[in-house]
Amino acid sequence: MASIIEVKNLSYTYDGDAQIVKDAIHDISFSIEKGEIVGIIGHTGSGKSTLIQHLNGLLKPASGEVLLNGKNIWDDPKNIKDIRFKVGLVFQYPEYQLFEETVFADIAFGPKNMGLTGDELKNRVESICDTVGIKREYFDKSPFDLSGGEKRRVAIAGVMAMKPEVLILDEPIAGLDPKGRHEVSAMVKNYREKFGATVIIVSHNMEDMASLADKLIVLSGGKLVMYDTAYNVFSKGDMLSEIGLSVPVVTKVLKLINEKNNDIRTDIFTLKDAVEYLCALSAGGKNA
Amino acid sequence: MLKDITFGQYYESNSIVHRLDPRTKILVLILDIVFLFLTKSIYSLIVPAVQTVLILIISKVPAKMFLRNIKTILPIIIFTSIINLFYGNSGTVLLTVWYFTITTSGILRAVYMGSRIILLILLSSVLTYTTTPNDITDAIESLLSFMRIFRLQNAVHMLAMMMTIALRFIPTLVEETEKIMNAQKARGADLENGRLIERIKALIPILIPLLISSVRRAYELAEAMECRCYNGGVGRVRMKRLKYSWADLWAAFINIMFCGGIIAINTLI
Ligand SMILES: Nc1ncnc2c1ncn2[C@@H]1O[C@H](COP(=O)(O)OP(=O)(O)O)[C@@H](O)[C@H]1O
Ligand SMILES: [Mg+2]
C-alpha cells in the first residue's frame, strides 16, 4: 500500500537558553495511508504540535526524515512552499490569524499565494465555502464581526481553500461550544468526503477521537508510545491513564456498571455503539 | 531570528552584582556611562575597559550572553568605526583613496569610537542580565519618588506600572509573533523572498493579528487588575521593599574611584 506520509526516526530539539537540553520529540516513526483519519493524542507538552509542524515543513528535523508520497520533503528546500500547499496545517486557535477586511479575502489568501487569480480564485473560494457550509452572505462581512465559532470556521476554510491532500488540524474544537464543535467536525468530514483527503487531528476530546479516527498516535514525553487502531488504543485504558489520558466517558460508564455486573462489555468506545449494545441487551433481557 | 532579542532578559545567578540594590545599579550605570563619554582618547578608555571587564567577571553571567548582544548591534559598531576612520586629521598618512585619507589618528579614532559603543552595550547588559525587569521598574519608581514635591507621585507610579507590564509582555509578544508567522507561512505566505515593497506588504498578515490580539489582551488585563481593586499608586504598599546595604556603598565607591581614574588620565595625557 502506498503511504502518503511517512515519518522516520524523527527527533527535534528547540534551541534556546534552556539549561536542560531535552528533545521536544524523540525518534518518532510511523506511516499514514492515503484517505485515513489519524488522531494524535497526548498530554500537554507531549510534542503533538511540534510533530505536526514537521509534516508541512515549518520545522526542519534535527534528525530523521519526513516523506510525502515517498519523497523527502526537504530534498529541495526551495520547494518547501509547495509542500505547505499539499499539506495544509490549521494551527490551534486559527481565528487569531484572520487579518483581511472581508471573509472572502481572508479565505482567498492561501489560494492567492498559490498563484490563483481572477475567476479561478473566486471559484475556488466559492466551492470550498459551499462544501463546508459558509454562506455567500458572509463573504463581504468583516471576519472580526463574526462569532467565535464562525471565525474558527472561516479560518479553517482558509486552509482548506488550498485543497491540501493532507489536512492537519491542531485541536480544532478546543474552546468551542457544542454547536461550534459539531459544525467544525462536520466541515472536516465534508472536506474529506469531497476531496478524498487524508486527515490528521490533534485533540483532547476522546469521544470525538473514538468516533472519527481510524488510527491513533499516542505521544508521551516526546515519544511515540502507541500507534494503533482506535479500538486497540482505547482497550489499553490503564496505560492511557498512566500517561495522563483517559478513555471516552461512555467506556468509563460501562466500566462502572461492569463493577456491579461482570457480564457488561467494556470495550465499547462510542456513544452510538454503546446505545446499540445496551438496547440489544435490554431487548434480550426482556425476551428471556 | 526573533530569539536573538535578549535585551531585558534576566540571567539567574547569585553574584554580588545580582544582590546589589537595583537603585545602586542604575545610578552606577548612569555614572559609568557619563564618564565613558568623558574619556578624551583611546588611552583614557583603558580605565572603563578594565572596569567593565571586572564587572562582567564578577557578575557570573556567561561571556556568550554578552557576545550575543554585541552581535545584534555589530552593524552599528562597524558603521560608526568606518565613518570615523576618515576623521583623523593628524598622524602619518597611510592611504589616500580619491578625496579620503586614512591616517594613524583616524585608525585610533575608529577603534576608540567602536570600543566605546561596545563598552556601552556591555555595561547596560550587565544591568539587564543581573536585575529582573520588575526590580528595575521598582528602582526607577523609587528613584523618582522625589517627584512627590511636584505632586506627581501617582504619575510616576503609573509610568513604572506601564513599564512593568510592557516588559512582562515582551516574551508573550515574541511567542505570539512566531505563532502567527507560522500560521501564515502554513497558508503559503512568503516572508523571506521578494523585493522590499513585497516584503513590507508581507508583514500585513502578521502585524494586523498581532495588533488585534495585543489590544484584546490589554483590555483583559485591565479588567483583571480592576477586579483586584487596582486603582493606581495611592495607598499601595510593597511586599518586597528595596534596601541599601554596605555592598552598595562599596560598589558606588569603587566605581567613583574608576571615574576618578578617567579624569586623571584625561588631564595627564
Ligand atoms: N517555540 C518553542 N520554543 C521552545 N520550546 C518549545 C517551543 N514550543 C514547544 N516547546 C517545548 O516542546 C515540548 C513540546 O511542546 P508541544 O509540541 O507544543 O506540545 P503539545 O502540543 O503536545 O502540547 C514542550 O516541552 C514545550 O515546552
Ligand atoms: Mg499543542
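## Interface between the two domains of chain A

In this predicted model, domain 1 of chain A and domain 2 of chain A bury about 740 Å² between them. Carbon and sulfur atoms give 67% of that area. On the side of domain 1 of chain A, the residues that lose the most area to domain 2 are Glu207(A), Tyr231(A) and Val247(A). Together these three residues account for 60% of what that side buries. Domain 1 covers residues 3–247 of chain A, and domain 2 covers residues 248–288. The contact draws on 10 residues from domain 1 of chain A and eight residues from domain 2 of chain A. The C-alpha centres of the two domains are 33 Å apart.

Zero salt bridges are found across this domain interface, whereas two residue pairs are in polar contact between domain 1 of chain A and domain 2 of chain A. Two elements of domain 1 of chain A each give two or more residues to the side that touches domain 2: helix H7 (206–212) and helix H8 (230–235) of chain A. Of the elements on that side, H7(A) gives the most, with four residues. By class, the residues of domain 1 of chain A that touch domain 2 comprise five nonpolar, four polar and one charged.

## Interface between chain B and chain A

The size of an interface is often given as the accessible area lost when the parts come together. For chain B and chain A the buried area is about 1,800 Å², and carbon and sulfur atoms give 57% of this area. The contact involves 20 residues of chain B and 23 residues of chain A.

Between chain B and chain A there are two salt bridges. In a salt bridge between the chains, the side chain of Asp106(A) meets that of Arg187(B), with an N to O distance of 3.0 Å. Three residue pairs are in polar contact across the interface of chain B and chain A. On the side of chain B that touches chain A, the elements giving two or more residues are helix H7 (153–186) and helix H9 (204–227) of chain B. That side of chain B consists of 10 nonpolar, four polar and six charged residues.

## Surroundings of ligand 1

The residues around ligand 1 belong to chain A. A run of them extends through His43(A), Thr44(A), Gly45(A), Ser46(A), Gly47(A), Lys48(A), Ser49(A) and Thr50(A). Tyr14(A) and Ala24(A) also surround ligand 1.

## Salt bridges across the model

Over all chains, the count comes to 15 salt bridges. One pair within chain A is formed by Lys8(A) and Glu65(A), whose closest N and O atoms are 3.9 Å apart.

Notes:
Residues are numbered from 1 along each chain as its sequence is written. Chains are lettered from A and ligands numbered from 1 in the order in which they are written. This is a predicted model: local features need pLDDT of at least 70, side-chain atom pairs count only at pLDDT 80 or more; totals for chains, interfaces and linings use all residues. Side-chain values use heavy atoms; hydrogens and water are left out. Domain bounds come from an automatic or database domain assignment. Contact means heavy atoms within 4.5 Å. Buried area is the accessible area (1.4 Å probe) that two parts lose on being put together, summed over both. A salt bridge is a side-chain nitrogen of Lys or Arg within 4 Å of a carboxyl oxygen of Asp or Glu. A polar contact is a pair of N or O atoms within 3.5 Å; within protein, one must be able to donate a hydrogen and the other to accept it, and residues adjacent in sequence count only if both atoms are side-chain atoms. Ala, Val, Leu, Ile, Met, Phe, Trp, Tyr, Cys and Pro count as nonpolar, Asp, Glu, Lys and Arg as charged, and the others, Gly among them, as polar. A residue is near a molecule or strand if one of its heavy atoms lies within 4 Å of it.
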